[in-house]
Amino acid sequence: MKDESPILYPNERVGERISAYAKAYTTGIPKHIIEYHGHIRETMPKTANYMVSISQAQAMLFLTKTFGAKRILEVGVYVGLSSLIWSHAVGPDGQVTGLEFDPSFAKSAEEAFQKQGVKNVQVIVGDALETLPTLAPTEPYDMIFIDAQKSGYPEYLNTILKSSQPGSQRRLLRQGGLILGDNILRCGFVADDSEDNPWREFDFGPQRREYWKSEDIKALRRYNEIVSKTDRLENWLCPLWDGVNISRLLD
Ligand SMILES: C[S@@+](CC[C@H](N)C(=O)[O-])C[C@H]1O[C@@H](n2cnc3c(N)ncnc32)[C@H](O)[C@@H]1O
């Protein structure tokens with residue numbers, strides 16, 4: 001029965017301690033990135049939870065280096081925390097492109113890159129639903145990280161698939177490249193929106209009443225369905241953090 005157990009950890013307290021232990025015994029991420037994370041949490045408390053956690057950043061860094069990615073595209077930059085992870089992972093001879101809707105977030109990101117001497121990240125300001133289909137890189141990306149508005153996930157994925165056809169000139173993602181869809185379980189609602197899910201009690205704000213019934217959750221389910229029905233993709237839906245759907249483009 002153990003293999004079929006749906007329980008990640010026996011309860012929340014044990015889960016927290018196990019997570020802290022795993023974080024402590026995983027290769028750390030550079031000090032300037034930890035400090036930037038702390039700085040944003042202090043100075044932008046209302047939106048700081050947009051950033052990936054340090055523990056997720058550790059995993060992303062490990063994955064990227066193991067995979068040997070040199071070119072990464074990020075959809076949803078915020079103030080550049082995850083871009084700093086990608087920038088470090090690909091190294092000075094690698095390249096990161098970020099798509100961000102909000103000019104003030106993009107400006108903060110650019111300022112952070114400049115302050116930290118980061119030269120391998122370029123941010124394109126605009127609605128990624130419009131900018132993503134216009135990208136025609138001279139060399140395809142090795143990885144694409146999707147972390148913008150959740151309602152757009154199915155469209156982002158369809159665009160990536162359409163713009164990465166085998167044999168096409170200037171394809172977006174290379175054969176064997178990875179697509180990471182972040183927050184793919186969204187407080188678990190995507191898989192379980194029943195009353196058993198304690199997140200139903202959380203106040204997500206006036207715009208997000210009964211969030212488990214929202215378009216965001218429906219769109220994330222559609223994303224997972226597209227991935228599982230697309231023969232061109234193989235994937236691992238990782239249930240850690242807020243869920244990350246990691247797909248590999250086969251052709
Ligand atoms: C969750 S945050 C990204 C966090 C970042 N990846 C990190 O971990 O540090 C999502 C970002 O996507 C941006 N965004 C939302 N909708 C977008 C769109 N249609 N096009 C481009 N960016 C968008 C938001 O402005 C926000 O900054």
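Q: What makes up the open sheet, and in which order do its strands come?
A: Seven strands form the open sheet, in the order S3-S2-S1-S4-S5-S7-S6 with mixed pairing. Strands are DSSP runs of E with at least two residues, helices are runs of H or I with at least four, and both are numbered from the N terminus. This is a predicted model, in which local features need pLDDT of at least 70, side-chain atom pairs count only at pLDDT 80 or more, and totals for chains, interfaces and linings use all residues. Residue numbers start from 1 along each chain as its sequence is written.

Q: Why is one side of S3 and of S6 left without a neighbour in the sheet?
A: Strand S3 (121-125) and strand S6 (233-238) stand at the edges with a single partner strand each, so one side of each has no neighbour there.

Q: What joins S2 to S3?
A: Five bridges do, and the two strands run parallel. Two strands pair if DSSP finds at least two bridges between them, so S2 and S3 qualify. Gly98, for instance, has Val123 of S3 as its bridge partner.

Q: How many residues surround the ligand, and which are the closest?
A: The count is 20, with Gly76, Leu81, Ser82, Phe101 and Ala128 the closest. Helix H4 (81-90), strand S2 (95-100) and helix H6 (128-131) each give two or more residues to this shell.

How values were computed: Near = placed C-beta within 6 Å.
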